[in-house]
Amino acid sequence: MKIEQDDLKDFLENASWYHTIDFPNGLSSKGVFDHRNHLNFYKLPESFTGKEVLDVGCSDGFFSFEIEKRGAQRVLAVDTNKFDGSPAISPSTSMQNDLEKKYSTRQLKNSHFTELAKKLDLLQVHTFLMTKKVLGSNVEYRDHSIYNLKDLNQTFDVVFCGDLIEHLKNPIEAVEQLSSVTKELCIITIASLTTSKKLNWWLRLLRLNPILKDRVVTYWGDRGGSFFHFSPGAFEKLLKASGFARVEVISSFDLKNLKTGMDIPHVVYHCWKK
């Protein structure tokens, strides 16, 4: 069935999106985050030719489709968001009702585009799968948890995991799973504590030895969908303990939440198995 340009534009501007993704004819989705002008911070390989890549916690698929554009032989994208109104992550018990309300409200908003989904041969509104159809992409999608990556029974040349670890109750277990399926390189980004003067002041306020700044982890599970924020050094230690032979902090930058206007500090890690 033909998709009318006005229908597609309405979907991109008024559905609930996490990622800002470019579509044909100058259109783009209206995401909570816009990574397009921040790609240089991720230091993605210019070419993924011949590589099999796993995108863990893919959300709407910005990085999956970007990696495909760079020539990957195969991209498998996984997430636990079923786009049925149920939460994609497991919050603390006290935040369960809030997160259920958040996701059900999102899905109710997206349900206005059910007819468009049907035109794309989908039973429900699923932003990743609808994007894949419109873009004519060959990226594969699977509903699969980061905690069960070993069950894929495969290793991947490159694994990408963006802005997921801080939302998990069991980050150590999750990183160990990422390591287990990485053949060459794993790229991980997290919303993180930074090594700024503000952090050093905070450490002094708590009368901590500045040497310990590379071991700091703070708990945020009582505030929403996040659980832990790591200092860059602390997370680097976690990565090495999980089986990566070499870890490098590639960059740090602020990414604006376009819904709240807040700048979120991010750190990008490249982790090699050899």
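Colleague: In which sense do strand E7 and E11 pair, and over how many bridges?

Modeller: This is a predicted model, so read each feature as computed. In a regular strand the side chains alternate between the two faces of the sheet. Here, strand E7 (residues 182–191) pairs with E11 in the antiparallel sense, over seven bridges. Take Ile 187 as an example: its bridge partner in E11 is His 270.

Colleague: How does strand E10 pair with E11?

Modeller: E10 (residues 246–256) and E11 also run antiparallel, with 10 bridges. Look for Leu 255; Ile 264 of E11 stands opposite. Six residues lie between the strands in this hairpin, and there Gly 261 takes a positive phi near 80 degrees.

Colleague: Is E11 mostly covered or open?

Modeller: Mostly covered. Strand E11 spans residues 263–272, and seven of its 10 residues are buried.

Colleague: What should I look for in phi values?

Modeller: Most residues other than glycine have a negative phi. Two residues here are worth a look. Phe 83 has a positive phi, near 55 degrees. Asn 153 is not a glycine either, and its phi is positive at about 55 degrees.

Colleague: Where do Phe 83 and Asn 153 lie?

Modeller: Both are in loops. Phe 83 sits between strand E4 (74–79) and helix H4 (96–110). Asn 153 sits between strand E5 (140–143) and strand E6 (156–162).

Colleague: Is Phe 83 buried or exposed, and what about Asn 153?

Modeller: Phe 83 is buried, at 7% relative accessible area. Asn 153 counts as exposed, at 71% relative accessibility.

Colleague: Which residues of helix H6 are buried?

Modeller: H6 covers residues 127–135, and its buried residues are Thr 127, Phe 128, Met 130 and Thr 131. Their arc around the axis is only 165 degrees, so they lie on the same side of H6. Just after H6 comes Gly 136, with a positive phi of about 65 degrees.

Colleague: How many disulfides does the structure hold?

Modeller: A disulfide is a covalent bond between the sulfur atoms of two cysteines. This structure holds zero. Cys 186 is in no disulfide either; its nearest cysteine sulfur belongs to Cys 271, at 5.3 Å. The cut-off to apply is 2.5 Å.

Colleague: Are Cys 161 and Cys 186 buried or exposed?

Modeller: Cys 161 is buried, with a relative accessible area of 0%. Cys 186 counts as buried too, at 0% relative accessibility.

Terms used: Residues numbered from 1 in each chain as written. Predicted model: local features only at pLDDT ≥ 70, side-chain atom pairs only at ≥ 80, totals over all residues. Heavy atoms only, no water. Buried < 20%, exposed > 50% of the residue type's maximum accessible area, 1.4 Å probe, protein only. Helix = DSSP H or I, 4+ residues; strand = E, 2+ residues; numbered from the N terminus. Arc of directions from axis to C-beta. Pairing = 2+ DSSP bridges.
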